[in-house]
Amino acid sequence: MFNWLVSAAQKGHLEAMADLGRVYASTQSKFTFCKPDRSDKANGFLWLTAAAERGHALAQCHLGRLYRSVHNKELALKWFTEAGKNGIDVQADLKNIEDHL
């Protein structure tokens with residue numbers, strides 16, 4: 001299953017790009033049946049960025065959370081703002097940044 005997800009992402013399938021980014025970036029995923037051997041945040045950033053730049057709202061939100069986890073407030077705010085513009089409720093995420101970074 002993981003190989004299918006990689007193949008679809010490489011072919012430009014937007015949902016696959018976002019899902020693959022989440023799979024790589026997280027040790028917990030809804031795709032527990034297709035996890036790579038280990039978490040790989042670099043590939044998580046790569047695939048989430050690819051999907052986020054193409055307007056995928058959930059990828060934008062997840063990318064904001066990933067940037068928040070590495071204490072990059074500027075890029076976290078950028079991606080949370082984009083996700084908010086695209087209909088994702090990011091108020092709690094924005095508050096979390098202000099409270100913790």
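**Helices, burial and contacts**

Me: Which helix is the place of Asp-19?
Reply: Asp-19 has its place in H2, in a predicted model where local features need pLDDT of at least 70, side-chain atom pairs count only at pLDDT 80 or more, and totals for chains, interfaces and linings use all residues. Residues are numbered from 1 along each chain as its sequence is written, and side-chain values use heavy atoms, leaving out hydrogens and water. Helices (H or I, at least four residues) and strands (E, at least two) are DSSP runs, numbered from the N terminus. So for Asp-19, the answer is helix H2.

Me: Is Asp-19 buried or exposed?
Reply: Buried means under 20% relative accessible area, exposed over 50%, and partly exposed in between (1.4 Å probe, protein chains only). Asp-19 has a relative accessible area of 11%, so Asp-19 is buried.

Me: What distance goes with the polar contact of Asp-19 and Arg-22?
Reply: A polar contact is a pair of N or O atoms within 3.5 Å; within protein, one must be able to donate a hydrogen and the other to accept it, and residues adjacent in sequence count only if both atoms are side-chain atoms. Here the side chains of Asp-19 and Arg-22 are joined at 3.2 Å.

Me: Why does Ala-25 count as buried?
Reply: Ala-25 sits in helix H2, residues 14-25. Ala-25 counts as buried because its relative accessibility is 15%.

Me: How far apart in space are Ala-25 and Asp-40?
Reply: In sequence, Ala-25 and Asp-40 are 15 residues apart. In space, C-alpha to C-alpha, the pair is separated by 5.6 Å.

Me: With which side chain does the side chain of His-56 make a polar contact?
Reply: His-56 is in the loop between helix H3 (41-53) and H4, and at 10% relative accessible area His-56 is buried. A polar atom of its side chain lies 3.0 Å from the backbone nitrogen of Ala-59. The side-chain partner, at 2.9 Å, is Glu-15.

Me: How do H4 and H5 run relative to each other?
Reply: H4 (residues 57-69) and H5 (residues 73-85) pack at about 160°, axes 8 Å apart; axes are lines fitted to C-alpha atoms, for helices over the stretch in contact, and angles run from 0 to 180 degrees between N-to-C directions. Angles under 35 degrees count as roughly parallel, over 145 as roughly antiparallel, 65 to 115 as roughly perpendicular and the rest as oblique. That is why H4 and H5 are roughly antiparallel.

Me: Which residues of H6 make the contact with H4?
Reply: H4 and H6 (residues 91-100) pack at an angle of about 15°, with axes 11 Å apart, and are therefore roughly parallel. Contact means heavy atoms within 4.5 Å. Cys-61, Arg-65 and Arg-68 of H4 meet, from H6, Asp-93, Asn-96 and Ile-97.

Me: How many helices does the chain have?
Reply: Along the sequence the pattern reads α-α-α-α-α-α. With 0 strands, the chain's helix count is 6.

Me: What percentage of the chain do buried residues make up?
Reply: The chain has 101 residues. Of these, the buried part comes to 44%.
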